[in-house]
Amino acid sequence: MNRVRAKARDSRKQADFQQIRTALYMFYDKKGKMPANYNPGKGACEGDGYYEQSMQELVDEGFLSSIPQSPGGAGY
């Protein structure tokens, strides 16, 4: 049963990353730049608000319906 849950979680993460990738391409096509990096030199990871700030730009532009959150509490 745990293996089935892990596989479902992994599938969800892959779908989320594909959605984020598509949204980033569309954002770049529209703006000619990527969303701001609110944590220069480190990137945007879930937690500390940096991931949320970067993803919010994609939501505000209508490329994502909501900020993807990793299933099971493990961060992206």
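Two residues are in contact here when they have heavy atoms within 4.5 Å of each other. With that in hand, let's walk through the chain. Residues 24 or more positions apart make up 48% of its contacts with a separation of 6 or more.

A word on what you're looking at: this is a predicted model, where local features need pLDDT of at least 70 and side-chain atom pairs count only at pLDDT 80 or more, while totals for chains, interfaces and linings use all residues. Residues are numbered from 1 along each chain as its sequence is written, and side-chain values use heavy atoms, with hydrogens and water left out.

The chain has 2 helices and 0 strands; helices (H or I, at least four residues) and strands (E, at least two) are DSSP runs, numbered from the N terminus. Of its 76 residues, 26% count as buried. Buried means under 20% relative accessible area, exposed means over 50%, and partly exposed is in between (1.4 Å probe, protein chains only).

Start with helix H1, residues 2-31. The expected span of a helix is 1.5 Å times one less than its number of residues.

Which residues of H1 are buried? They are Lys 13, Asp 16, Ile 20, Ala 23 and Phe 27. The buried residues of H1 pack against helix H2 (50-60).

Two packed helices are described by the angle between their axes and the distance between the axes. H1 and H2 pack at about 60°, with axes 10 Å apart; axes are lines fitted to C-alpha atoms, for helices over the stretch in contact, and angles run from 0 to 180 degrees between N-to-C directions. H1 and H2 are therefore oblique to each other, since angles under 35 degrees count as roughly parallel, over 145 as roughly antiparallel, 65 to 115 as roughly perpendicular and the rest as oblique. On the H1 side, Ile 20, Ala 23, Leu 24 and Phe 27 meet Tyr 51, Met 55, Glu 57 and Leu 58 of H2.

Finally, look at Lys 30, also in H1. Is Lys 30 buried or exposed? Lys 30 is exposed, because its relative accessible area is 53%. Leaving aside residues up to four places away in sequence, Lys 30 touches Glu 61 and Phe 63. Lys 30 and Glu 61 are 31 residues apart in sequence, yet 9.5 Å apart in space, C-alpha to C-alpha.
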